[in-house]
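Subject: Structure for your review

Dear colleague,

Please find below the structure that I am handing over to you, together with its sequence. My findings follow it.

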Amino acid sequence: MNRIEIVPSVLAADAGRLAEQVKEAEAAGADRIQVDVMDGHFVPNLTFGPLVVEAVRRATKLPIEAHLMVERPELFLEAFVKAGATLIEVQVEATPSLYRTVQSIKELGAKAGVAINPATPIEDLREILPYIDLVNVMTVEPGFGGQKFIARSTEKISRLRAMAPAMEIEVDGGIDARTAPLVVGAGATVLVAGSSVFGFKLGVAAGMKAIRQALE
Ligand code: DX5
């Protein structure tokens with residue numbers, strides 16, 4: 001089995017110590033850093049813009065994924081790539097022209113990912129799969145960190161893995177040392193982790209180690 005990647009989400013980080021927290025995650029073996037972008041419309045929360053991606057970019061050489069939980073993501077692609085994001089994820093539910101949006105991300109020189117909400121059937125991804133680098137299966141309803149993992153997500157991940165045997169499958173929401181083996185067992189290859197890393201009581205390194213050990 002390929003090495004499972006862990007991607008800490010800075011939504012759970014101490015915003016006042018963002019650069020320091022990102023460096024801690026990098027030192028603890030993070031593979032990428034995720035920046036959750038929320039517009040208060042697609043999801044009922046407001047978070048980060050390109051300025052925060054720039055700040056993360058200055059703090060680390062790791063790849064950065066900008067997960068756009070926004071309506072009309074096509075309006076913001078260039079700004080996030082210019083800010084330093086190397087992977088842009090858009091929600092399959094957020095744009096009627098997903099093919100054009102994915103092409104635009106690629107033309108900007110970034111990798112393209114598509115995220116899918118818990119209630120959206122994976123069949124909605126079938127036509128776009130050949131054009132993307134990653135699928136992010138939301139294992140919570142997007143909008144907030146620290147939510148409970150949706151148990152039936154493992155069944156959905158298995159069906160996606162069967163539909164796309166070679167696809168990078170990311171999972172996002174409620175991932176920790178208990179749920180990580182479940183999603184990896186179902187076929188996930190990339191784990192986004194917010195509160196189980198930046199919110200872990202014994203610190204970032206211990207949080208990363210707990211997830212890694214659970215996968216051994
Ligand atoms: C939720 C975000 C997730 C969140 C994960 O809408 O997309 O990335 O930050 O946080 P945890 O790991 O705490 O569920």
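Predicted model: local features only at pLDDT ≥ 70, side-chain atom pairs only at ≥ 80, totals over all residues.

Strand S5 (residues 111–116) has five of its six residues buried, so the strand is largely enclosed by the rest of the structure.

**Strand S5 and its partners**

On one side of the pairing is strand S4 (residues 87–91), which runs parallel to S5 and is joined to it by five bridges. Within this pairing, Ile-88 has Ala-112 of S5 as its bridge partner.

Gln-91 belongs to strand S4. Its relative accessible area is 0%, so Gln-91 is buried. Between the C-alpha atoms of Gln-91 and Ile-116 the distance is 5.9 Å, although the two are 25 residues apart in sequence. Once neighbours within four places in sequence are left aside, the contacts of Gln-91 include Ala-115, Ile-116 and Asn-117, and also Phe-42, His-67, Leu-68, Met-69 and Met-138.

**The aromatic pair**

The count of aromatic pairs comes to one. Tyr-99 and Tyr-131 form this pair in an edge-to-face arrangement, with 5.0 Å from centre to centre and 85 degrees between the planes. Distant parts of the chain are linked in this way: Tyr-99 is in helix H4, whereas Tyr-131, 32 residues apart from it, is in the loop between S5 and S6.

**The nonpolar cores**

The largest nonpolar core holds 64 residues, and among these Ile-88 and Leu-191 touch the most other members. For Leu-191, the contacts beyond four places in sequence include Ile-4, Glu-5, Ile-6 and Val-7, as well as Val-171, Ile-175, Ala-180, Val-183, Val-184, Ile-211 and Leu-215. Another core, of five residues, lies apart from the largest one; Met-38, Val-43, Met-69 and Ala-94 are among its members.

**Helix H1**

In helix H1 (residues 18–27), the residues Leu-18, Gln-21, Val-22 and Ala-25 are buried. They are on the same side of H1, because they cover an arc of only 100 degrees around the axis. An α-helix has 3.6 residues a turn, so residues three or four places apart point the same way. The buried residues of H1 are covered by elements that include strands S1 (5–8) and S2 (33–38) and helices H2 (50–59) and H7 (204–215). After H1 comes Gly-29, with a positive phi near 100 degrees.

**Gly-185**

Finally, Gly-185 is located in helix H6 (residues 180–186). Is Gly-185 buried or exposed? Gly-185 counts as exposed, because its relative accessibility is 66%.

With kind regards

Technical notes: Residues numbered from 1 in each chain as written. Heavy atoms only, no water. Buried < 20%, exposed > 50% of the residue type's maximum accessible area, 1.4 Å probe, protein only. Helix = DSSP H or I, 4+ residues; strand = E, 2+ residues; numbered from the N terminus. Arc of directions from axis to C-beta. Contact = heavy atoms within 4.5 Å. Core = buried A, V, L, I, M, F, W, Y, C linked by side-chain atoms within 4.5 Å. Pairing = 2+ DSSP bridges. Phe/Tyr/Trp six-rings, centres within 6.5 Å; stacked < 30°, edge-to-face > 60°.
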